[in-house]
Amino acid sequence: MSPPDPRIWWWRSCTLIAGGYSNPVYAAFWHTALVRYVDAMDNIMAPTETAHTADNFGGVLTAAEIADASGKDLMLAVAVSWSIQSLLVEKANFMSKGFDHTAQLAYSIPAAAGKLMGWDTSTIANAIAMAVASDASFAGIRSKPLSEWKGLASAQSALGAFNAMYLAQGGIQGPLTIIEGQQGVEHLLGRPIDINWETEGYDWVPQSTIKKFIAMIHTQAPIECLLELIDQYHIQASDIVSIYADVPQMTYDFSGGGLYGNAMGDVTTKEQADHSLPYLLAVAALDGQVMQPQFRPERITRDDVQNLMKKVSVEPNADFTKRYPKDFCSKITIKTKDGQTKVHEVKDYPACRAIHLRGRMPLISLIV
């Protein structure tokens, strides 16, 4: 048997960040995991949906090496992938129908990576079809109690996308009506995905919201609000009797005990801690910060934070819910041992709002 043609992309050996080499499928997994697992990344937000758009970067970076692409081409692929996932967040309803936001990577990664590698539209379409049909992920990944898979699900989506690309490049045809056809994605979502790809812009990167704290995106404003309140009144954590947080419904659902489960349960791991607003507010009150040190196992399980988080209550606020995501409101009320009650409210957290620049160039023109 003759050795494989080194020009065929799936036989190439890709460089791994931090050292070593692998095939493109596992390189995409590795690079996506490195971007995602630290949890210091961006989000795109809609009233009932969200996604980490930086989940695309590991895949497009891997494709860029395969294609020996320029930095300009890499950033073009970033723009394509960010925009496709963001449009699916804004225009569809994946999470409200039980899908995880990593499911959208089946659309965005093959489109951007295929563009980088100079593929024709037919090959890209078949890759997307196979990835969408076979690599759907479920919102239960985010439900309590959270596991390590919370930080690796996007890497698995990237792996699946690259495997589908490998098959499409080899001539395998995918189910091209998987979105609008019988029993397709639109059937599962219960509505059409109403996106005019020929007119939509590709400028969604600057519309992402960047985290200030190493914690899930919907907890950023409450953490900021609490830290400002403590700083304003010089409150000592040892004097706190109770912490009450008013938040939008999305924050309550993800981290306060709503749709995704009990946030006051046993919090012993990083994954559980960064999706528990009671833990995050308690550790912020104690440490004055929420960064990597606040998620070390010995910090999470210490008595001071475990006891203080039991004094935290979280409730959804109807007005804040109506204003979200345009405003990212939070109100914190702290009662202290001397009988005083201190209240602080924020409309947002610093630097979280992005500049909206829509409609500069049709997205379809970049893919084809």
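## Asp39, tucked away

In this predicted model, Asp39 is buried, because its relative accessible area is 1% and anything under 20% counts as buried. You'll find Asp39 in the loop between α1 (24–37) and β3 (42–45).

What is the phi of Asp39? About 75 degrees, a positive value, although Asp39 is not a glycine. For background, most residues other than glycine have a negative phi.

Asp68 is another residue to look at here. Its phi is near 50 degrees, which is positive in a residue other than glycine. To spot Asp68, go to the loop between α2 (57–66) and α3 (71–91).

Is Asp68 buried or exposed? Asp68 is exposed, because its relative accessible area is 70% and the cut-off for exposed is over 50%. So a positive phi turns up in this model at buried Asp39 and at exposed Asp68.

## Two cis peptide bonds

Now for the backbone links. In general, most peptide bonds are trans. Here, though, Lys144 and Pro145 are joined by a cis peptide bond, with omega at about -10 degrees. Pro145 sits in the loop between α5 (121–134) and α6 (153–169).

As for Pro325, its place is in the loop between α14 (318–323) and β8 (330–336).

Technical notes: Residues are numbered from 1 along each chain as its sequence is written. This is a predicted model: local features need pLDDT of at least 70, side-chain atom pairs count only at pLDDT 80 or more; totals for chains, interfaces and linings use all residues. Side-chain values use heavy atoms; hydrogens and water are left out. Helices (H or I, at least four residues) and strands (E, at least two) are DSSP runs, numbered from the N terminus. Buried means under 20% relative accessible area, exposed over 50%, partly exposed in between (1.4 Å probe, protein chains only).
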